[in-house]
Amino acid sequence: MTVIRADLLERLAARQRERAAAQLLRRLHVLDVDVATGGAWVVDDGHRLLDFASNDYLGLARHPALIEALGRAARVVGVGAGAAHLLGGHRDEHARLEHGLAQWLGRERVLLFSTGYMANLGVLAGLLARGDLCVQDRLNHASLIDGAQLAGCTLRRYRHADVEGAARQLDAQPQAAALLASDGVFSMDGDIAPLRELAALCRAQAALCMIDDAHGLGVLGADGGGSLAWAGLGQREVPVLMGTLGKALGTFGAFVAGSAELIDGLVQQARSFIYTTALPPALAAATCVAIDLARGDAERRSTLAARIEQFRAGARARGLAVLASPTAIQPLRVGSSEAALGAAARLREAGFHVPAVRPPTVPRDQARLRVTLSALHTQAQVEQLLDTLRKVLA
Ligand SMILES: Cc1ncc(COP(=O)(O)O)c(C=O)c1O
């Protein structure tokens, strides 16, 4: 028998060539933190750049109290957990972090995951099966889409923020067990989902409501409790809350919060929780400190809010078309991938790191500069960025 197979590596190379021709090649690039100055600076091949790309919204990633907590815990418990949570890797630091998150967010229980990507895979594949329905916003994060695909359920996507569209998807399959999932704050647009309307729809349709609050946690709500706290929604209205620790909290990892029933079930069913090494416990210890800072230090949040306000007002005054985002994510749509790459390169020459985001991360012809703001940015730095953006996008 003659074997005729496609060469997988050749196919990969062909796709690579296609992406390069379409200006869509992704590039891994080393950026160092600027040890000398701290703040929002990075170093690119010896050149200092002001970083407007980080999700470290509150400026906690290099906070001395977190670094100290990480080191102190590592000296006691070591660096790695050494095992999965269920096989001896679950430490007191993890338990304390789960408790702290549950208390902060007003949820009965919390389960830690190693990353947000894994949390979304674990929840969706743990809850949904073939024949079930998963309804999602078209702009949801890739990990939510991938989770539904992994579950093997029917995935229906509605137009961005279109609650009526979501209702139609649920109406079309009234017999199927259903889960509706949405980003709380959309990662590439920065707008907040119609949270109250989605929760009410889920209640009316007996569908489980899940919110991924990767970009809302720490930023929105009076004590940083996130988009659900901001919208006044609790565990009853939104039974599944997913959050990440690597953004406003400045560390790494993720969690799911909800009822004891949900968490106990995920411990049994969420394969991305079960079959992986537990998060380093020292990171959990550092994250406990991050929660205290994010919760208690309203000044960081109000500095961030002031920078967001300043950026939006300044962009409008300069005729820059910002999207309708009230959060730290302030994208500027450029259109073609080529134009976005060109603008990012000119910004780099002028001393700013602002990434170009291209398809398939965003829809075709909606390539953009994704500006993210942080409490670390000064008023003057935001003003300099605005002036440079005006020149670059003119
Ligand atoms: C909305 C959203 N969900 C999930 C994730 C994944 O989280 P993590 O980076 O912890 O895997 C991200 C970003 O990374 C995100 O933007």
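Predicted model: local features only at pLDDT ≥ 70, side-chain atom pairs only at ≥ 80, totals over all residues.
Among the partners of β14 is strand β11 (residues 329-335), which runs antiparallel to β14 and is joined to it by six bridges; here G335 stands opposite A367. Strand β13 (residues 356-357) also runs antiparallel to β14, with two bridges joining them, and in this pairing A356 stands opposite L369.

We can turn next to another sheet. Seven strands form an open sheet in the order β4-β10-β9-β8-β7-β5-β6, and their pairing is mixed. The edge strands are β4 (109-113) and β6 (154-158), each of which pairs on one side only, while the twist from one strand to the next averages 20°. Within this sheet, β9 (residues 240-244) and β10 (residues 254-258) pair in the antiparallel sense over four bridges, and M242 stands opposite V256 in β10. Helix α3 (residues 92-105) packs on the sheet, where it touches β4, β9 and β10, and its direction makes about 130° with that of β4. Helix α7 (residues 195-205), for its part, lies across β7 (178-183) and β8, running at about 155° to β8.

What, then, lies in the interior? In soluble globular proteins, nonpolar side chains tend to be buried together. The largest nonpolar core here has 118 residues, of which C134, L180 and C209 touch the most other members. Helix α11 (residues 281-296) gives the largest share of this core, nine residues, and the core draws at least three residues from each of domain 1 (29-58 + 297-393) and domain 2 (64-296). Leaving aside residues up to four places away in sequence, C209 touches L180, L198, A199, C202, E237, V238, P239 and V240.

Where does D213 lie? D213 is found in the loop between β8 (208-212) and α8 (227-231). Because 32 other C-beta atoms lie within 10 Å, D213 counts as buried, the cut-off being 20 or more. Apart from residues up to four places away in sequence, D213 touches G184, G226, S227, L228, L241, M242 and G243; one of these, M242, is the residue that stands opposite V256 in β10. The C-alpha atoms of D213 and N55 are separated by 13 Å, although these residues are 158 apart along the chain.

Methods
Residues numbered from 1 in each chain as written. Buried ≥ 20, exposed ≤ 12 C-beta atoms within 10 Å, placed from the backbone. Contact = placed C-beta atoms within 7 Å. Core = buried A, V, L, I, M, F, W, Y, C linked by C-beta atoms within 7 Å. Domains from an automatic or database assignment. Pairing = 2+ DSSP bridges. Axes fitted to C-alpha atoms, helices over the stretch in contact; angles between N-to-C directions.
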